[in-house]
Amino acid sequence: MAIRANPKLIEELELYGAQDVSKCYHCGNCSATCPFSKEPYILPRRSMRSLQMGLEDKLLGDLEPWLCYYCGECSQECPRDAEPGETMMSLRRWLTARYDFTGIAGLFYRSWRAEVIAVLVVAMLTGIGFLLWGFSQGNIDQYDGPNAFLPSGQVHLFDWVMAAVLIVLLGTNCIRMWWFTVGRDKDARVSFGAYVRKLYQLPYSFLTQARYAQCERKRPWLLHLVLMLSYLTMLVLIMFFLGEMAAGPEVDWRVHVFGLLATAGLLTTTILAMRGRLRKTEPLYRYSHETDWMFLILLAVVASTGLLQFVLHRSGLDVAANIAYVVHLMGVVPMLVLEVPFSKWAHLAYRPLAIYLADVKAEALVAEKQAAAPAPLAPAA
Amino acid sequence: MRIGVYVCQTGTGDLDSVSSHAVTSYAANLPSVEIVEDLGTLPTLDIAALATQLRDARLDRVVIAGDSPGFFKPAFTAAMARAGGDPEEVRLASFKEHGASTGVGTSRAKSVVACAVLGVPFPLAAVPATTAVHPGTLVVGGGIAGIQAALEIADAGKQVLLVERTATIGGHMAMFDKTFPTLDCAACILTPKMVAVGQHESIELMTYSEVESVAGDPGDYKVTIRRKARRVDADSCVACTACADVCPSRVPSEFDNGIADRKAIYIPFPQAVPNAYLIDGEACTYVQSDGAKCGVCARKCPKGCIDLDQEDELVAFEVGSIVLATGYDVYDATRIERYGYGTLPNVLTALEFERLTNASGPTGGKIVTKSVRRNKKTKADEWVFDAENGVSPRSVAIVHCVGSRDANHNPYCSRVCCMYSLKFAHLVREKLPEADCYEFYIDMRAFGKGYEEFAERIKAEGTFVVRGRTAKVTEQDGAMIVRGEDILSDRMVDFPVDMVILAVGLVPAEGNRRIADQLGLAVDSDGWFSELDYNADPTDTERGGVYVCGVCQGPKDIPDTVAQASAVAAGVLKGIATGRSRDSLASLSLSDIEKRAADLVEL
């Protein structure tokens, strides 16, 4: 079978943030440093090699980039300063773009202008839309109740429609991811039983980020876990308890305690991440792609305006609360519509899926290898 | 003739002292120069645009000036060819090669550009005047380089003063067991030379001494040597060991790289030259207590040659030439924590292993792992090599490039580590045929005569040669695990081993910079002495009458060191034979070089 090499692949990856890939001289120091480098997944050097050789199709089928959490050990120990950690990060961005059938993700990653314009346009449309709708049927003095400016019942409906669209988009891309990495791979014949047996991996790795915890330094994992759990809590609250959240002005502690905790979690982790990126405190913060900033900025806007509308509403300032709510939605909608399927947020689906698929595929690969290989090449011990 | 000068830098090396602005404005005023452009650091050269520019300006010659202009030559040659010009007329003005890093920075860079513009090789134009030369020579450093140079000069009948910092000559080579690739016994080659130095009537040997200061001019240097207090009269000592037998103080032996102890009164090794004891004042109870305690060695000495109260003394000499052969230190392996050196007992450096496997070493050449012994004095357990009860390792891992070829440590290749690592594998397998031996390498640099064959031989002998750098050595249940990626068979390896040998790289000896400052010499960005011209004058320096040889000029193996040491002798003897030696290059002014270059063009 002919293998196509793309000699411009490194240049393409540089648009996604890759640094100094061509400096690598393949000493294998990075793979030996990495706690996740276990056969059949050897990372990150194998990806560096594939990149240098321009093996686009092979990289598209690789799960290795998703098994890396960018602890940065490899980049720190790299004798060539070839930045393997940043390469894995940029490969994740590139893969996100390639899984996305619309091509929008690729556009956003390659051009920060396109992303900013898209976010601003969606934010403006959202703002105008909700204002028009609010004025057409409600009263700006009313946050809650029969004449509410933005009645939670209808907003709820809007949420569910948006969620459905997102699930379709992200789901299609997840299926594409499965196809590229496992489905089309003739070397890894995965049995149906294996898919079922390993299914526990999806919720398990999503909720605990257990693999991330295997990195030598635990702080990045902890931050990530707090951010993810806060986000998840907020998502559950909004999808199922929006009515209770908006009701007031008295505080309903059954839901609000969760809401406030989640907001605190989101704000703290976002501020810490922003500070880290500005001061470059962690290896993973040394190079920031524009999409990383967009992610943090939207998150900060959404979390702070969410808190603001809560405070304003409880203080009886319904007009201000309604305005804060509109601004909040102007952050939420672009974040969900653009960032979740087409940018950094997508990893919330790809990462656990990759861990699941990697587990399933590894089993098949090992079985295949045992069937095929005669004697191992191992030095006699 | 129409000439274009392009300044392009690669940004490597210490060339901060060169002002590229001053160089460009100087070049613009040179005759026939039509275009001068400063393209900055690592410019992206568009060959088509460059060719158009060269054609439009009708340039006959292009000069690329910069720290390493050869880097950009292919682009300019292609552009010149495309413009229809003569590709041979792309000339280089290399600041780095011609020593523009030495304080004379900008003016040297200007003269290098002037020569390139005129089409005259810089070394032809920059020839300093000669000075009268004193027939004596100072050789600094008594390793194989210094020994060879001293013998060559002394055998020609000229007086040599050989100064060595430690108590014996021999240097690192005396510690080695075998040489590569011939597996000759290192001592068998070195010891006769050491003895010859000790007995030579034309060599004044000063061990345990250091160069205190250097004054004077090329051909007529006045040097002061600090003769450190040896406290034992080397001429009358017969090395009977009576003193060491009674000495109560033990410290790690430098010669054995700390894997064995010596007394405070000691002889570095039995074949030392001079074969005499000395007292280490830092460890001596008598010296440390200002004469209040001990002194038992002086009472025991049958020859009465111990003078415990001796002090350092300064001795002045006049010499015409100075040969620097100061050698190297090995990279400090404790700086790479993940290899566990200093925390895991059986992780050794290359020099420690040399002593372990050496038949004259502490274990008599028996390769054993360290075992625990109770120190009676401190009541603590310590790890030591025990020749009788020690266990032979069942597997040994050798890690290449420790501290070398690494942006986090030393960027350069230390040149000898691949070969000595292969030699180690051979020695391990020769003495312990049952033991597994793993070599972790990045690239196998077997560049010398017979080296590649040697590498193939070691592989054929059954050493497992793994292409992949080890990232870490960890301890698991008392065993060490060496983790790496075997790149050629595409898998991760975790080998349990009993011993790890770190192939530490070479670094300039501790005192190199001090000597460079004393003599006004340049060192390169890695700290090695800068030679006058990398290709044409590899043993001369910027300073007239000062020569370099051996590893202090750059990492090299024993054959290359010996060859360079002999080459140095030729330079020194040429000066003595003609009675004239070259003055320092710094004595030449820009106008001198310009004038001479112009004269050469007219010829």
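Me: What is the order of the strands in the open sheet of five strands in chain B?
Reply: The order is β8-β7-β6-β16-β29, and the pairing is parallel. Strands here are DSSP runs of E with at least two residues, helices are runs of H or I with at least four residues, and both are numbered from the N terminus. Two strands pair if DSSP finds at least two bridges between them. This is a predicted model, where local features need pLDDT of at least 70, side-chain atom pairs count only at pLDDT 80 or more, and totals for chains, interfaces and linings use all residues. Residues are numbered from 1 along each chain as its sequence is written, while chains are lettered from A and ligands numbered from 1 in the order in which they are written.

Me: Which are the edge strands?
Reply: β8 (203-206) and β29 (546-548) of chain B, each of which pairs on one side only. From one strand to the next, the twist averages 20°.

Me: How many bridges join β6 to β16 in chain B?
Reply: Four, between residues 137-140 and residues 321-324, with the strands running parallel. As one case, B:Val139 has B:Val323 as its bridge partner.

Me: Helices now. At what angle do α1 and α4 of chain B pack?
Reply: At about 35°, with the axes of α1 (residues 20-28) and α4 (residues 105-118) 9 Å apart. Axes are lines fitted to C-alpha atoms, for helices over the stretch in contact, and angles run from 0 to 180 degrees between N-to-C directions.

Me: Which residues make that contact?
Reply: α1(B) gives B:Ala22, B:Val23, B:Tyr26 and B:Ala27, and α4(B) gives B:Thr106, B:Ala109, B:Lys110 and B:Val113. Residues are in contact if their C-beta atoms, placed from the backbone, lie within 7 Å. Six of these residues are nonpolar, one is polar and one is charged. Ala, Val, Leu, Ile, Met, Phe, Trp, Tyr, Cys and Pro count as nonpolar, Asp, Glu, Lys and Arg as charged, and the others, Gly among them, as polar.

Me: What domains is chain B divided into?
Reply: Domain 1 (3-126), domain 2 (137-228 + 312-327 + 509-585), domain 3 (242-300) and domain 4 (329-507). The bounds come from an automatic or database domain assignment.

Me: How far apart are domains 3 and 4 of chain B?
Reply: Their C-alpha centres lie 31 Å apart. Six residues of domain 3 are in contact with eight of domain 4.

Me: And how many residues does each chain bring to the contact between A and B?
Reply: Chain B brings 20 residues and chain A brings 20 residues. On chain B, β24 (470-476), β25 (479-486) and β26 (491-497) each supply at least two residues. The chain B side has six nonpolar, five polar and nine charged residues.

Definitions and conventions. Contact = placed C-beta atoms within 7 Å.
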